[in-house]
Amino acid sequence: MKAYRMLQWKTPARLVDVPVPEAGPGQVLVKVGGNGICQSDLHMMDDWEASPPHLDIRLPMTVGHEIGGWVEGCGPGVSGFENGQPCLVTLSGCGHCRYCAQGWNNYCPHKKPVPGIGLDGGLAEYTVAPADAIVPIGGLEPWRAAPLTDAGLSAYHAVRRVLPLLEPGGTALVIGVGGLGHMAVMILKALCAARVLAVDQSREALSLASGLGADACLPSDESTAAAVRDATGGKGVEGVLDFVGAGATVSLAARVIRPLGHIVVVGRGHGSFAFQDRALPYGAMLSTTFGGSKLELMHLVSLAEAGAIRPHLNRYPLSEVETAFERLRKGQIAGRAVIVPDGR
Ligand SMILES: [Zn+2]
Ligand SMILES: [Zn+2]
């Protein structure tokens, strides 16, 4: 089968022929319906010189961690799935620690490797995942549902962290309306009555945000903090979801957050934030996230089944995966690009 594989660090991956994998003990073989591509794939290929210690990635490895498909077979010891069943692949947990016991498998310190993050990923015709990472999706189309696993789930998890603050009359600010940010705008509009402000450098991203229901769309420049203050009657916002995580975006967030507000930094833009007295208003919080829980992905599948979220997708065949990554590198993808094995 064809697979888009990273052979060396700091080198773009290549489409090569490899054998179809087999599901080992505790694993499920998934026939890939689609794989969404992500800024973190670019960080892995373009920026990293070795695996970060918490991920344990060894090369060569097939890229792709945003996978929808069909169960194609189960390894020894796995039951409860039917061949042909549409499914997503999410993060796995050890199942035994306190984080897992609370349902926070995404923060489990002993996570098993999953496709695209340690195991061979979904930019291929087939992939293999731990059985506890498989989430059935009922009647959703696998390629359309694939971005729910990362772009959708990371956004949903971040939204849930600020949701208790977003009462009617409140305001949420979404910084960066790309793959994750455009999901956050839809999820916020589906779950709460607060106003949603969107900030981005790209006009196309802002027009996407506006079409998805954002109440105001603001270009990113030196006047953005003042524009956010104007849009909120001078009060600032209860919640910020920063999908960029650069120095400038974290600083914008700190300038517009209200007392007791919450800034959630999801983007891995290597921003720094100098903490000092009054760097934030009293009671305000700043936190980071990693993905979302398996239960949260189930919530998100239900939202998609109900038609409450309709991700903006661009479909590419696997033979054009390099073109899709090149467009992502140049910031030319509105919403999310999903790579589909040729002929599926
Ligand atoms: Zn990702
Ligand atoms: Zn655990």
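The axes of helix α4 (residues 151-162) and helix α5 come within 8 Å and cross at roughly 50°; axes here are lines fitted to C-alpha atoms, for helices over the stretch in contact, with angles running from 0 to 180 degrees between N-to-C directions. That makes α4 and α5 oblique to each other, since angles under 35 degrees count as roughly parallel, over 145 as roughly antiparallel, 65 to 115 as roughly perpendicular and the rest as oblique. On the α4 side, the contact (heavy atoms within 4.5 Å) is made by A151, G152, S154, A155, Y156 and V159. On the α5 side, G179, L180, M183, A184, I187, L188 and L191 take part.

This is a predicted model, in which local features need pLDDT of at least 70 and side-chain atom pairs count only at pLDDT 80 or more, while totals for chains, interfaces and linings use all residues. Residues are numbered from 1 along each chain as its sequence is written, chains are lettered from A and ligands numbered from 1 in the order in which they are written, and side-chain values use heavy atoms, leaving out hydrogens and water.

Helix α5 (residues 179-191) also belongs to a right-handed β-α-β unit with β11 and β12; right-handed means that, with the strands pointing away from the viewer, the path from the first strand over the helix to the second runs clockwise. Helices (H or I, at least four residues) and strands (E, at least two) are DSSP runs, numbered from the N terminus. Strand β11 (residues 171-175) pairs with β12 in the parallel sense over five bridges, pairing being called when DSSP finds at least two bridges between two strands. Here I175 sits opposite V199 of β12.

Moving on to β13 (residues 216-219), this strand runs parallel to β12 and is joined to it by four bridges, with A198 opposite C217. As for β12 itself (residues 195-200), five of its six residues are buried, that is, under 20% relative accessible area, with exposed over 50% and partly exposed in between (1.4 Å probe, protein chains only).

Leaving aside neighbours within four places in sequence, T224 touches V199, P219 and L252. T224 counts as buried because its relative accessibility is 3%.
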